[in-house]
Amino acid sequence: MDRVSELQQCVDQMALDMFNALRLLPSMEPADSKENIERVKGLARDLLLTAKRTNEVIDSLPGLDKTEEEQFDEMAKLQIASDEEARNLYEAEEEALLWNQRAQESLRVICETRLKRPEA
């Protein structure tokens, strides 16, 4: 998963955690029951873990600590890697199609030679 999609997933999870907290907290009565305290701790823990993961993803993004030239260099390297992966996928597809064609031809020969009824 690319970093931007991963960041979007983190933000979505954080919004869900906040929604759950806002939905559950007002309905808690009495506020000091042991079960409610555990719920609040769980909600807080989930929100903190999501925030921590979001910060990790943000820190992994190319940021202001890089010059424009360094960012362009990184983008060029990523493009080269992407092009190489695309070539690898294309070659794998070509090989798979070739093997598929060979398998179909083998099955055709088997069907013609093994499944032929003897003529009376």
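## Overall fold

The chain holds three helices and zero strands; here helices are DSSP runs of H or I with at least four residues, strands are E runs of at least two, and both are numbered from the N terminus. From the N terminus on, the order is α-α-α. The model is predicted: local features need pLDDT of at least 70, side-chain atom pairs count only at pLDDT 80 or more, and totals for chains, interfaces and linings use all residues. Residues are numbered from 1 along each chain as its sequence is written, and side-chain values use heavy atoms, with hydrogens and water left out.

Of the 120 residues of the chain, 12% are buried. Buried means under 20% relative accessible area, exposed over 50%, and partly exposed in between, with a 1.4 Å probe and protein chains only. Among contacts in the chain with a separation of 6 or more, 62% join residues 24 or more positions apart. A contact means heavy atoms within 4.5 Å.

## Helix H1

H1 covers residues 3-24, 22 residues in total. From first C-alpha to last it reaches 31 Å, close to the 32 Å expected at 1.5 Å a residue. That expected span is 1.5 Å times one less than the number of residues.

The buried residues of H1 are Glu-6, Leu-7, Cys-10, Met-14, Asp-17 and Ala-21. They cover an arc of only 100 degrees around the axis, so they sit on the same side of H1. The arc is taken from the directions from the helix axis to the C-beta atoms. An α-helix has 3.6 residues a turn, so residues three or four places apart point the same way. The face turned away from the buried side carries the exposed residues Val-4 and Leu-22.

## Packing against H2

The buried residues of H1 pack against helix H2 (34-60). Gln-13 also lies in H1. Gln-13 is partly exposed, at 34% relative accessible area. Its C-alpha is separated by 8.6 Å from that of Leu-47, 34 residues apart along the chain.

## Cysteines and rings

The count of disulfides is zero, a disulfide being a pair of cysteine sulfur atoms within 2.5 Å. Cys-10 is buried at 8% relative accessibility. Cys-111 is partly exposed, with a relative accessible area of 42%.

Arg-102 lies over the face of Trp-99, at 4.9 Å from the ring centre. The rule asks for NZ of Lys or CZ of Arg within 6 Å of the ring centre and within 35 degrees of the ring normal.
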